Amino acid sequence: MISKNQYRSEKQVFQKLLLGARMYEIRYGETFYLMFSLRSDENCPSKPEIMSLLIDAPCWVGDRCQWEALMKENNGMISMQDTELASALVNLRYYNLISVQEVEFGEHYLCIFLDGEKVLAIAHEADMSDYSWVLEEWSDKKPHEKVGVSCDGIEIFSNLCDSSSLLTNPHFVRWFLMMNFPEGMDAAEGCSLFELMEEKCTLDTAFIDHLTGYYDGVFEENDGYIDSPKRVVLPLATGDEFCVAFHPGDTIYFINGIKIGCTGPHYEIRRLPLSEFLVYTAQMQDKEKLFLLPMVKISAGEREVMTQIIQSVLCSFPLQECSAKQIGACILENCLE
């Protein structure tokens, strides 16, 4: 749900890109793809010519007055069946009522007002969806070079990810556990945490590629790093700021903008003593502590305390066929000096 003051820059960019654009194609797969051609803009030479609006959220399209009446009656989400929505969109194309006249952001909906008093309303939140909507440049550019705006807590322009949105996504949690504990081993089974998760868990690789900014050639060109990685920023109880940045080939950890470690091929881990971790996370929810676990270091005498912390964190997440106890043992091994 978007409040009036949130995502201000994303709203402005979205409006600037879409106002006056004309829809020229509609495609439906698992999501709706609405293709828009944009007017040339001499003041913005980098402005893309074609944008694709991907909709994966409750949405409604039709007469503006009917929409406003339904909103007053229902006071909540109004969505159409896919067949109804597809039919309504086709009718817009048939009658050529497709030029974007106005873009408004309400508390629950993004509203795109078209020719003929028509409105396309898209909910800001969608259950069981990786995103609510994404407007992105349609071109041959590499993914990290494209212009795009999204609204679901993962904003492409600011590259700031909402920690709650990520932590409710099981694919992110499994990927984070798999990739960010490089010395996590299960001695009894003789396997790493990566191997354990890879064998027993499924991942949505498209979501992970979108999160990390992966594109073909990123390892050959930039050794797995991108210029503007998506980030999670968490306030610490001490007033400091903890940040995690996601690259295709590395995850980097910062406190107050200073790098403290990373978990890629040339990893640097065990940078936070347990005493500091406990102070930093004193006001943090258990599930949010997951982001700091790869950096924690403990002595043999702190195993019991750390085991309890790890299990409290892991019980917040669905782990498919993996045992929380087994995963916890791997994380504990990663933390031991």
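I began with contacts in this predicted model, and I noted that, of the contacts in the chain with a separation of 6 or more, 57% are between residues 24 or more positions apart. I then looked up the secondary structure, which comes to 11 helices and 18 strands, and the burial, where I found that buried residues make up 47% of the 337 residues.

Next I turned to a sheet. I recorded an open sheet of four strands in the order β4-β7-β6-β5, with antiparallel pairing. At its edges I found β4 (59-63) and β5 (102-105), each with a single partner strand, so one side of each has no neighbour in the sheet. The twist from one strand to the next averages 15 degrees. Looking at one pair, I saw that β6 (residues 109-114) and β7 (residues 118-123) run antiparallel and are joined by six bridges, and that C111 has A121 in β7 as its bridge partner.

I also checked which helices meet this sheet. Helix α2 (residues 64-74) lies across β4, β5, β6 and β7 and runs at about 130 degrees to β4, whereas helix α3 (residues 82-94) touches β4, β6 and β7, with its direction at about 45 degrees to that of β4.

My last entry concerns helix α6 (residues 193-200), in which L193, L196 and M197 are buried. Seen down the axis of α6, the buried residues fall within an arc of 90 degrees, so they line one face of the helix. I reminded myself that residues three or four places apart in an α-helix point the same way, because there are 3.6 residues a turn. The buried residues of α6 pack against α5 (170-179), β12 (191-192) and α11 (324-335).

Terms used. Residues numbered from 1 in each chain as written. Predicted model: local features only at pLDDT ≥ 70, side-chain atom pairs only at ≥ 80, totals over all residues. Heavy atoms only, no water. Buried < 20%, exposed > 50% of the residue type's maximum accessible area, 1.4 Å probe, protein only. Helix = DSSP H or I, 4+ residues; strand = E, 2+ residues; numbered from the N terminus. Arc of directions from axis to C-beta. Contact = heavy atoms within 4.5 Å. Pairing = 2+ DSSP bridges. Axes fitted to C-alpha atoms, helices over the stretch in contact; angles between N-to-C directions.
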